[in-house]
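Student: Can we go through this one together? I'd like to start with single residues and then move on to the elements around them.

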Amino acid sequence: MSLAHRTVLVLPLFLVASVIIGCGSTPPRAMSEQAFAERLAGHEAESLEQRDDIAERLLRRLEYRHAEEADQGRADEPFTYEILMLSSGGQFGAFGVGVLQGWSEVEDPAFQRPEFDLVTGVSTGALIAPFSLLGTDDSIDRIDQLYREASDHLATLRGLLFFLPRQPSFFDNQPLADRIASELDLATMRGIADAHAEHRKLLLGSTDLDLGRFRIWDVGPKAVRALETRDPDEVHRILLSSAAIPAAFPPVEIDGALYADGAVAQGAFVGLDREEIVQVFREFRERNPDAPMPKLRFWMIVNGFLDVDPELIRASWVPGARRSIEILTSYAMRVTLRHMQFGVELIGSDLDTQADFLYIAVPHDLELPLQTQRLFDPQVMEKLAAEGKRRGQDPRSWRTEALAPEIPGSAIDLDRAPSETR
């Protein structure tokens, strides 16, 4: 991997270093064992209840879409349930925004950007997801503007001693919080609530640091509540928590729990497992026996590289730690892609319908401007956005076969010689 590629990974080195530094820290939080056990039980119960609600909303959406098709005289034609997944990736989210912009210019009906029935997002993907759900060119341009204007002002170091353990994080997240509050105003809440009324879902992911669980936030009902109370703070905090890169930004407290970047647990997600999706689609057919089985399309935008280039590594902890994180991140996303691919194939087989999985990622040969310790580098994001738009305009950029990390050599290109030791 070239130096330009590797420098985007400097931050994790600081994270590793912060663990090694002294013992001092912020005061511990207190909770009785009984209260903690009750909170864990409450989380499990709430997760099951939310899963059932998401499944119920999926069924309602299928029937809503079927009624729309019937009104237009297409009751005998199968419609397609469209799912968009937006991965983590920090400033590489500029690539995903570019893809969405370019996608709006596609003329091929088979690959035009659809109205999504379900949108999920993690970390930087969570910032993009609400505007993807709204789906208008204006909404995509709005999130594009956020990334174009992102700079060091959104992530300011906490003074010269930012690395001390007593600090809540390396960077102050207040500027980012203010920008989220500005962009997700009540008008945006109205758009999310309107989508919810049509049973279209917006799901965002954070990591519950106390319980060690991935938390899925169903944002639609919260947007409805925000309109009722005229207070969207809860939605703002959910987005801020999903983008709270560990150590870089502080965890976000919501209802007494600490949440951090959803990518700690999962780089991307659907929100329901295969069996639940199959069960809902079968129930739709039972309730509508004359309707054809709907199709499914799972679109995934990977806001980052998938390839790890061969490279000779010095035998010291800094390059070793950096390289390990690099490989871990790459293979984790490859495993996710592989699981998604297999899962979608099984859904299609179980339902005897067409189910497609398509994904797009930053090309491994994209050379980025040199950067060092910046979380948001305008030059890097500008190039990522341009490449995303170029690829979004071309339907051939969407891939269907995920590389299998369990096959030796599949994660590298042997034609690229190792770079000199760094």
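Student: Where does Ala129 lie?
Tutor: Ala129 is part of helix 5. Keep in mind that this is a predicted model.

Student: Is Ala129 buried or exposed?
Tutor: Buried, with a relative accessible area of 0%.

Student: What is Ala129 in contact with, leaving aside neighbours within four places in sequence?
Tutor: The contacts of Ala129 are Leu86, Val119, Thr120, Gly121, Leu202 and Leu204. For Leu202, which is 73 residues away along the chain, the C-alpha separation from Ala129 is 7.3 Å.

Student: Leu204 again, then. Which residue of strand 6 stands opposite Leu204?
Tutor: Trp217. Strand 5, residues 201-208, pairs with strand 6 over six bridges, in the antiparallel sense.

Student: How many residues sit between strand 5 and strand 6 in the hairpin?
Tutor: Four, and Gly212 in that turn has a positive phi of about 65°.

Student: Which residues other than glycine have a positive phi?
Tutor: His199 is one of them, with phi near 70°. Asp352 is another, with phi near 55°. For background, most residues other than glycine have a negative phi.

Student: Where are those two placed, and are they buried or exposed?
Tutor: His199 lies in the loop between helix 8 and strand 5, and it is buried at 14% relative accessible area. Asp352 is in the loop between helix 12 and strand 10, and it is exposed at 70%.

Student: Strand 10 next. In which sense does strand 9 pair with strand 10?
Tutor: Parallel, over eight bridges. Within that pairing, Met300 has Tyr359 in strand 10 as its bridge partner.

Student: Why is strand 10 described as largely enclosed by the rest of the structure?
Tutor: Because seven of its eight residues, in the stretch 355-362, are buried.

Student: And what comes after? Where is Pro363?
Tutor: Pro363 is in the loop between strand 10 and helix 13. Its relative accessibility is 11%, so it counts as buried, the cut-off being under 20%.

Student: What does Pro363 touch, not counting residues up to four places away in sequence?
Tutor: Phe95, Phe305, Glu387 and Arg391.

Student: Let's do helix packing. At what angle do helix 4 and helix 13 pack?
Tutor: About 35°, with the axes 6 Å apart. The crossing of helix 4 and helix 13 is right-handed.

Student: Which residues of helix 4 and helix 13 meet?
Tutor: From helix 4, Ala94, Phe95, Gly98, Val99, Gly102 and Trp103. From helix 13, Met381, Leu384, Ala385, Glu387, Gly388, Lys389, Arg391 and Gly392. The residues of this contact divide into seven nonpolar, four polar and three charged.

Student: Switching to helix 7. Which of its residues are buried?
Tutor: Leu176, Ala177, Arg179, Ile180 and Glu183 are buried in helix 7, which covers residues 174-183. Viewed down the helix axis they fall within an arc of 165°, so they line one face of helix 7.

Student: Which helices do the buried residues of helix 7 pack against?
Tutor: Helix 5, helix 6, helix 8 and helix 10.

Student: Helix 6 has an aspartate, Asp144. Is Asp144 buried or exposed?
Tutor: Asp144 is buried, with a relative accessible area of 7%. Not counting residues up to four places away in sequence, Asp144 touches Val97 and Gln101.

Student: Last, the whole chain. How many helices and strands are there?
Tutor: The chain has 13 helices and ten strands. Of its 422 residues, 52% are buried.

Student: What share of the contacts between residues at least 6 apart joins residues at least 24 apart?
Tutor: 78% of them.

Key
Residues numbered from 1 in each chain as written. Predicted model: local features only at pLDDT ≥ 70, side-chain atom pairs only at ≥ 80, totals over all residues. Heavy atoms only, no water. Pairing = 2+ DSSP bridges. Buried < 20%, exposed > 50% of the residue type's maximum accessible area, 1.4 Å probe, protein only. Arc of directions from axis to C-beta. Contact = heavy atoms within 4.5 Å. Axes fitted to C-alpha atoms, helices over the stretch in contact; angles between N-to-C directions. Left-handed = near helix turned anticlockwise from the far one by under 90°. Nonpolar A, V, L, I, M, F, W, Y, C, P; charged D, E, K, R; others polar.
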